[in-house]
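User: Hi, I'm new to reading structures and would like to go through one with you, piece by piece. Could you take my questions as they come?

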Amino acid sequence: MLNRVQQPEFKQVEEINFLKAKKHELANKIPVFEINGGEQNLVRIEFIFQNRGWDLQKPLLPGVTNSMLTEGTHSLSSAQIASKIDYYGAFFQTEYNHDQSSLTLYSLNKYLPQTLPIIKEMLTGSIFPEKELQILLRNQKQKLKVGLEKNSVLARRAFTEVLFGDSLYGYATQLSDYEQVDRADLLAYYKQIYHPSNCTVVMSGKIEDKTLTLLDELFGNWENTSTVPAFNMAYQSASDKLRYIEKPEALQSAIRIGVPLVNRTHPDFIGLQILNTALGGYFGSRLMANIREDKGYTYGIGSGIASLQQAGYFFISTEVGVDVTSATLVEIEKEVDLLKSELIADEELALIQNFMMGSLLGSLENAFSHADKFKNIYFYGLGYDYYEKYIQTVKNITPKELKDLANKYWDYDAFYKVVVGKM
Amino acid sequence: MVQFERFTLENGLKVLVHEDHTTPMAVLNILYDVGARDENPEQTGFAHLFEHLMFGGSVNIPSYDEPLQRVGGENNAFTSNDMTNYYITLPAVNLETAFWLESDRMLSLAFSEKSLEVQRNVVCEEFKQRYLNQPYGDVWLKLRPLVYKEHPYKWATIGKELSHIENAKMEDVKAFFKKHYNPKNAIMVVGGAVKLEDVKKLAEKWFAPIDGGKKYERNLPTEPVQTQEIKETVKADVPANAIYKVFKMPGRMEEGYAATDLISDILSQGKSSRLYQNLVQQNPVFSNINAYNYGSIETGMFVIEGRLLPNVEIDYADECIWKELDSLKSEPVYEDELTKVKNKYEATREFGEMSLLDKAMNLAFYELYGDANLINTDIQNYLKVSAVDIQTQANTLFKREASTTLYYLAN
């Protein structure tokens with residue numbers, strides 16, 4: 001007779017294999033990391049540049065420079081760049097985040113000789129045409145206007161601002177900033193940042209021998225003279241702990257709660273990730289179990305830890321009905337304090353451990369994801385032993401260690417709270 | 001090329017197996033052939049609410065999520081107007097837990113009052129978060145009933161109104177389960193580091209004992225051909241005026257679908273597309289504009305959606321869209337332009353095959369459309385589309401009298 005009550009036997013994930021990056025160097029010293037794997041004849045090539053400065057008077061400079069890479073070069077217009085790349089079934093994307101600016105190409109291997117030269121044009125010959133610049137600014141401004149109507153967006157903006165002030169990590173774009181962008185500044189910033197000495201290439205997918213040769217032919221002669229100085233971030237968090245933006249018409253309040261925290265390079269970081277998982281890092285977390293699954297206050301609530309190169313932060317995020325905003329805050333405080341005052345039960349910890357191992361295994365789906373794992377360590381000066389340590393910590397951490405971490409890093413009164421809506 | 005095997009249990013459950021040993025993970029995907037289109041017009045949003053209840057414990061297993069997390073697995077689900085789809089990813093060594101969980105909730109739910117009460121609230125909050133507390137969030141609540149007069153696509157998956165969800169009762173939940181959640185109405189796909197023989201054994205063990213139930217026979221009203229242009233205007237607190245223009249289009253596997261899908265790419269995929277080039281860049285009318293379709297199984301919606309720049313008259317913007325559509329009707333597209341969107345489509349498919357979950361879901365969708373092997377052959381429907389086909393299809397689609405336009409204006 002089939003026993004449907006008893007869970008079938010299961011195993012903890014024991015072994016996780018990483019496709020490790022292999023290092024090459026182009027003629028001009030640009031480091032190229034290769035993560036080779038996969039069945040499909042596809043490749044992703046990322047050109048990554050470190051952000052190297054922050055000028056509060058020109059807050060949009062790094063982001064707009066990055067977006068404008070696709071908007072025209074000496075020999076190709078914006079439309080030509082787009083149609084050429086599309087014609088070969090390739091994709092490109094520009095990305096600007098707190099630490100880096102990048103340009104990424106996704107291409108079928110067979111078309112790399114056609115697609116990669118376009119990337120070179122964009123990285124070495126962009127001209128930042130005025131007309132395209134005005135279109136971009138106009139459209140981004142419009143997009144921000146729509147964003148400013150969303151409580152979740154307002155909350156996110158206010159939250160990074162209370163944590164990191166008007167630094168690169170904290171600044172929230174204002175509508176008036178779009179008027180200040182100047183083409184000459186973009187060109188100067190482009191020259192300084194998009195430079196071989198500031199460039200790292202990460203290629204992943206099914207890598208052929210000739211790919212490196214092609215890269216070297218195209219980018220190895222990119223003149224590498226100056227070095228770009230490193231940049232130290234300084235920030236000042238807000239003095240008041242509560243930021244309340246009242247929206248009388250709101251149906252839901254957006255809530256963000258958190259605090260600056262250590263980043264991935266710190267010995268406590270992995271333990272904190274486990275602690276965070278218990279609080280709000282997965283569907284069965286305490287916050288979800290209490291605030292969604294028991295009380296039905298929200299469609300979703302979660303918490304996370306973000307690692308930036310020069311800082312980190314912990315956050316809790318949710319949107320709840322306005323009538324239960326205060327009740328939600330009470331419950332969040334309760335859940336944070338519980339992890340400080342009581343040991344996690346062995347059974348719950350075992351579940352979290354298994355969940356995190358499975359989740360790590362599942363996050364390594366293909367060569368692209370292995371490359372992402374590499375970037376997570378490389379840009380923090382860490383090696384693959386970080387992941388060994390991660391696995392050992394997840395498997396061996398004790399309830400006592402987690403409680404100690406909660407007491408060391410969490411103080412609800414010291415957390416910043418942002419509420420947009422009604423309470 | 002996605003390889004797969006297929007077998008059917010005696011109770012009617014269809015099982016597809018896709019072995020992929022490049023990953024240590026496995027996926028178990030179950031698609032139930034029920035969506036918002038199968039709802040009672042007085043109880044809309046029910047299929048989606050029911051999806052939430054599927055996580056509220058089953059007859060022998062009080063918690064669905066916990067045992068799955070305990071073996072390192074994750075899951076989620078979605079409901080559309082056409083279908084409800086549930087999926088699990090987990091380390092392949094623990095595949096049996098997925099069979100245990102999914103078979104028990106196909107057998108019967110716990111039907112807990114507490115779960116119903118909580119999920120009614122959760123779904124109401126979802127309704128507010130996605131549809132009410134967002135600029136333009138309610139647009140499909142307004143548009144669907146303008147586009148469809150008869151067919152149940154006239155309501156959104158979340159439901160017509162909050163009260164339908166608030167009033168859901170346990171007896172309705174039970175009846176819905178009985179009608180739709182049985183082996184005859186389901187398609188299961190198992191993929192990843194699994195072996196066909198093992199999947200057969202597990203399927204026999206866990207699913208074969210479930211009573212097959214009755215095949216639900218869908219008998220929905222057909223949507224009459226639209227012969228009169230529909231125009232509506234709403235006003236709300238939004239930062240910019242917007243236009244939504246909808247035309248009815250062929251269903252997912254019907255003649256003309258691929259050509260229509262390619263038309264949306266020609267119009268709005270990327271910065272070399274017509275709408276971007278002509279109405280964002282050359283002649284600045286919109287801050288953004290998109291053409292897309294819903295991929296519905298029955299008569300679907302081809303949508304053009306644009307946000308206007310300040311100081312642009314809405315009637316003018318509307319005419320600018322028509323000019324682009326008329327040009328597709330009067331002249332064949334350039335060969336290069338057509339090759340471009342076909343290449344892009346083909347490459348997108350290829351990139352999609354890097355994801356095990358995407359492959360498993362697509363197998364289930366295509367099986368529902370008629371045959372899982374379409375996952376490998378549907379591309380031919382796209383590659384054979386000619387410039388003349390595009391022109392013909394544009395003439396079929398873009399008729400003024402068959403258009404529905406909503407002006408969504410800022411207060």
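User: To start with chain B, how many bridges join strand β4 to β5, and do they run parallel or antiparallel?

Analyst: Please keep in mind that this is a predicted model. In chain B, strand β4, which covers residues 74-79, is joined to β5(B) by six bridges, and the two strands run antiparallel.

User: What lies between β9 and β10 of chain B?

Analyst: Six residues lie between β9(B) and β10(B), which form a hairpin, and in the turn G295(B) has a positive phi of about 60°.

User: Now chain A: which strands stand at the edges of its open sheet?

Analyst: The sheet of chain A is built from five strands in the order β7-β11-β8-β10-β9 (chain A), with mixed pairing. Its edges are β7 (242-246) and β9 (298-308) of chain A, and each has a single partner strand, so one side of each is left without a neighbour in the sheet. On average, neighbouring strands of this sheet are turned by 10° against each other, if direction is ignored.

User: In which sense does β7(A) pair with β11(A)?

Analyst: The pairing of β7(A) with strand β11 (residues 416-421) of chain A is in the parallel sense and extends over five bridges, and V419(A) in β11(A) is the bridge partner of Y244(A).

User: Which helix lies across β9 and β10 of chain A?

Analyst: That is helix α9 (residues 286-294) of chain A, which lies across β9 and β10 (311-321) of chain A and runs at about 155° to β9(A).

User: Switching to helices in chain B, at what angle do α1 and α7 pack?

Analyst: Helix α1 (residues 46-53) and helix α7 (residues 170-180) of chain B pack at an angle of about 90°, and their axes are 11 Å apart. Angles of 65 to 115 degrees count as roughly perpendicular, and therefore α1(B) and α7(B) are roughly perpendicular to each other.

User: Which residues meet there?

Analyst: From α1(B) there are F46(B), F50(B) and L53(B), which meet D172(B), V173(B) and F176(B) in α7(B). By class, the residues of this contact between α1(B) and α7(B) are five nonpolar, no polar and one charged.

User: How many residues of chain B are in contact with chain A?

Analyst: Chain B has 62 residues in contact with 56 residues of chain A. The elements of chain B that each supply at least two residues to its side of the contact include α3 (95-107), α4 (113-132) and α12 (335-352). That side of chain B has 23 nonpolar, 22 polar and 17 charged residues.

User: What covers the buried residues of α2 in chain A?

Analyst: The cover includes β4 (91-96), α3 (112-124) and α4 (130-147) of chain A, together with α12 of chain B. The buried residues of helix α2 (residues 78-87) of chain A are S78(A), I81(A), A82(A), S83(A), I85(A) and D86(A). After α2(A) comes G89(A), with a positive phi near 65°.

User: Last topic, is K22(A) buried or exposed?

Analyst: K22(A), whose place is in strand β1 (residues 22-25) of chain A, counts as exposed because it has 11 C-beta neighbours inside 10 Å, and a residue with 12 or fewer is taken as exposed. Its C-alpha atom is separated by 6.6 Å from that of I35(A), which is 13 residues apart from K22(A) along the chain.

Notes:
Residues numbered from 1 in each chain as written. Chains lettered and ligands numbered in written order. Predicted model: local features only at pLDDT ≥ 70, side-chain atom pairs only at ≥ 80, totals over all residues. Axes fitted to C-alpha atoms, helices over the stretch in contact; angles between N-to-C directions. Helix = DSSP H or I, 4+ residues; strand = E, 2+ residues; numbered from the N terminus. Parallel < 35°, antiparallel > 145°, perpendicular 65-115°, else oblique. Contact = placed C-beta atoms within 7 Å. Nonpolar A, V, L, I, M, F, W, Y, C, P; charged D, E, K, R; others polar. Pairing = 2+ DSSP bridges. Buried ≥ 20, exposed ≤ 12 C-beta atoms within 10 Å, placed from the backbone.
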